[in-house]
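I wished to look up the charged side-chain pairs in this structure. These entries record what I searched for and what I found.

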Amino acid sequence: MAPWLGLFLIWAGVSVILQLHPVNGDDELTRDKSSEVSHEDEECVFPFTYKDKRHFDCTFHGSIFPWCSLDADYVGRWKFCSESDHANCVFPFIFGGKKHETCTKIGSIFGAWCSLSPNYDQDGAWKYC
């Protein structure tokens, strides 16, 4: 019984993965190198708006891998994020009504952080430094 259960779980997992749609839901990613449009060299645009939500960094929205838009308002141009694509800290930024010129530990027990927008109080976008 146990081997059959294991095989079933593998089959079910593969079935779910194969049914995932690309991030934009409209454009299929093609693996035919002769017709593939590559966006690897293009820069992510932050913040970008996707489905009426502003994203200040790469997002997993609709995908199992982080991605970003190549336009301020998402129009179908996107790429998967690499380590170098993630958003940078924005200095100075406003937090708690005060201007911060460097990463801060205020409000965090895990380490220094920074804002991904000029006004953390307004946008709430941040990352660890």
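Entry 1. I took a salt bridge to be a side-chain nitrogen of Lys or Arg within 4 Å of a carboxyl oxygen of Asp or Glu. The model I searched is predicted. My search of the whole structure returned four salt bridges.

Entry 2. I looked up E42 and found a salt bridge to R77, with 3.0 Å between the closest N and O atoms. E42 sits in the loop between α1 (2–18) and β1 (48–50), and R77 in the loop between β3 (67–69) and β4 (78–80), so this pair ties together parts that are 35 residues apart in sequence. I then checked accessibility: E42 is partly exposed at 27% relative accessible area, and R77 is partly exposed at 29%.

Entry 3. I turned to R54, which forms a salt bridge with D123, the closest N and O atoms lying 3.8 Å apart. R54 belongs to strand β2 (residues 53–55) and D123 to helix α2 (residues 120–123); the pair links distant parts of the chain, 69 residues apart. I noted R54 as partly exposed at 43% relative accessibility and D123 as partly exposed at 25%.

Entry 4. Are the partners D85 and K79 buried or exposed? I found their side chains meeting in a salt bridge, at 3.1 Å from N to O. D85 has 11% relative accessibility and counts as buried. K79, at 8%, counts as buried.

Entry 5. I finally looked for shared partners.

Definitions and conventions: Residues numbered from 1 in each chain as written. Predicted model: local features only at pLDDT ≥ 70, side-chain atom pairs only at ≥ 80, totals over all residues. Heavy atoms only, no water. Helix = DSSP H or I, 4+ residues; strand = E, 2+ residues; numbered from the N terminus. Buried < 20%, exposed > 50% of the residue type's maximum accessible area, 1.4 Å probe, protein only.
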